[in-house]
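Colleague: I am new to this structure and would like to learn how to read it. Could we go through it feature by feature?

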Amino acid sequence: MEDERSRSLLQLMMTEGLVPSKEEEEKREIVISKLKNIVMAWAKRVAWQRRLPKQDIAASSATILTYGSYGLGVYNSESDIDALCVGPYFATMAEDFFIVLYNMLKNRLEVSEIHCVKDAKVPLMRFKFDGISVDLPYAQLKVLSVPENVDIFNPFFLRDIDETGWKSLSGVRANKRICQLVPNLEKFQAMLRCVKLWAKRRGVYGNLNGFLGGVHLAILAAFVCQCDPNGSLSSLISNFYKTYAFWTWPTPVVLQDGMLQPTVNPIKTPLSMPIQLPCSPYEYCHSNITKSTFYKIRAEFLRGHNLTKDLWKSDFDWHNIFEPFPYTKKYTRFAKIFVSACQQDELGDWVGWIKSRFRCLLFKLEEVQGLCDPNPAEYIDMDVAEPNVVFYWGLQPGKTNNIDIESVKEDFWRNISNGYQGPFGRIELSILQASQLPKYAQNDTLTRKGTKACWKIIDYNQQRIPVYSRHLPQYVVGYVSTNGDPEYPSAGC
Ligand SMILES: Nc1ncnc2c1ncn2[C@@H]1O[C@H](COP(=O)(O)OP(=O)(O)OP(=O)(O)O)[C@@H](O)[C@H]1O
Ligand SMILES: [Mg+2]
Ligand SMILES: [Mg+2]
């Protein structure tokens, strides 16, 4: 029976399209192989610019290491490729990565929508390559040649690495360690695919909205796999919900890692759902969970448990677990967040900025009215001509029926008006009754727009300033617009 339940779940995964087709797999492999060639050529170009001896130019190399859902083997057609560029000692982040490599990528026909996200914890370039989204951070090692499959646990490669490089490597390290620590990789992957689908359908996926991200779910799933090394897929899913429905948060979830000393007194953290990153006993997954999202995630774990505690029930059906969350049945009022920009190519940046500030909006809404459910789904209002994205957040009946929306607006506006570099777009906040929701947002099963946050767009109308190499002052490595973003390549690039 248990095997039968696992088989029907695998079948459901196929019909839901969770497992990528051969063509999709190949398409991604080609993207990665092309990226490897590009960064290899880049390393040699920079070595030449630095006037390194011929044999050093020949020996210099850079590579690409994949991580995130792609690295874990749990991606689907919607997922991005998280690819870390690992470069040699002479290739700097500010100049060579964000200007020279940027320009090389920008010149490729396969590349579109390229942005630099320089002020993030892990600075990166974000672009589409043959239509597939790529996140590309950078780590600079103190070596001349970076082998294709460089071992990032080898102290030889890690010596004297700077803090940003260390942070950039942390995603790859965590992924590798998770894969090593799970007793059965295939079962872990199948399980993670399922819980990701569940989290997306139930509206508890997405770090920016205060829910769980891919890395949080990967560690939660890996922990359950470690606790039941021989469990079938169906029993692992059932244990997943049981484990977290009754977890005594804020006890941290920590993978058993034979290599590290067990943490006797885990370091104190203000996080309400601490999930420790493997390989870093002092680091937890970054999280934006608030009081509201904490309740919702816990309620969803409990619901999952109630639906899977008896896998042998004759009317058991996996589809129930993946039912979309019925927002319009659950909430009578919604906060509408309408975000728009004059131009389509300004929208991604502006929405990305607003989303990076959602945590503050959530806190304010919790303060003035009580619990709030920040549905991560993004809609487009087709009746508005301006390019736009709309969010509808469920509001629990709260302290009052008359929300002081003006104070929420003021507070949020103050928050978003500081620090944004790009052209400001429009943002409107309002409160709606469920009956006032437009049709497209009433149907909880509708496919919605899936945009990714991105910051800083290049303003092509601004003046271009040449940037000279620090190492070869007469050599122009590229151009920046007046707001400091890299732009078109120099003739030599
Ligand atoms: N909140 C976070 N805390 C720590 N590491 C993070 C966090 N968010 C992202 N990362 C790192 O970046 C990687 C890629 O993140 P990303 O948001 O692309 O998620 P993902 O697991 O690849 O899922 P998806 O399929 O949705 O892209 C993660 O695997 C993790 O290593
Ligand atoms: Mg990803
Ligand atoms: Mg990513």
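Modeller: Start with the elements: helices (H or I, at least four residues) and strands (E, at least two) are DSSP runs, numbered from the N terminus. This is a predicted model, where local features need pLDDT of at least 70, side-chain atom pairs count only at pLDDT 80 or more, and totals for chains, interfaces and linings use all residues. Residues are numbered from 1 along each chain as its sequence is written, while chains are lettered from A and ligands numbered from 1 in the order in which they are written.

Colleague: Where is D80 found?

Modeller: D80 sits in the loop between α4 and β2 (81-87), and D82 is in strand β2. The UniProt annotation "binding site", from an unreviewed entry, covers D80 and D82. UniProt positions are given in the numbering used here, feature names are shortened, and annotations may be inferred rather than shown by experiment.

Colleague: Does D82 count as buried or exposed?

Modeller: A residue is buried if 20 or more other C-beta atoms lie within 10 Å of its own, exposed if 12 or fewer, and partly exposed in between; C-beta atoms are placed from the backbone. D82 counts as buried because it has 24 C-beta neighbours inside 10 Å. D80 has 17 C-beta neighbours inside 10 Å, so D80 counts as partly exposed.

Colleague: Which residues come nearest to ligand 1?

Modeller: A residue is near a molecule if its C-beta atom, placed from the backbone, lies within 6 Å of it. Of the 16 residues around ligand 1, G68, S69, S79, G171 and G214 come nearest. Two or more shell residues come from each of α4 (68-71), α7 (163-181) and α9.

Colleague: Which residues touch the most other members of the largest nonpolar core?

Modeller: A nonpolar core is a set of buried Ala, Val, Leu, Ile, Met, Phe, Trp, Tyr and Cys residues joined through C-beta atoms within 7 Å. In the largest one, of 91 residues, they are L84, C85, M191, I219, A221 and A222. Helix α9 (residues 214-227) gives the largest share, ten residues. Domain 1 and domain 2 both contribute, so this core lies between them. A second, separate core has 27 residues, including V339 and F358.

Methods. Domain bounds come from an automatic or database domain assignment.
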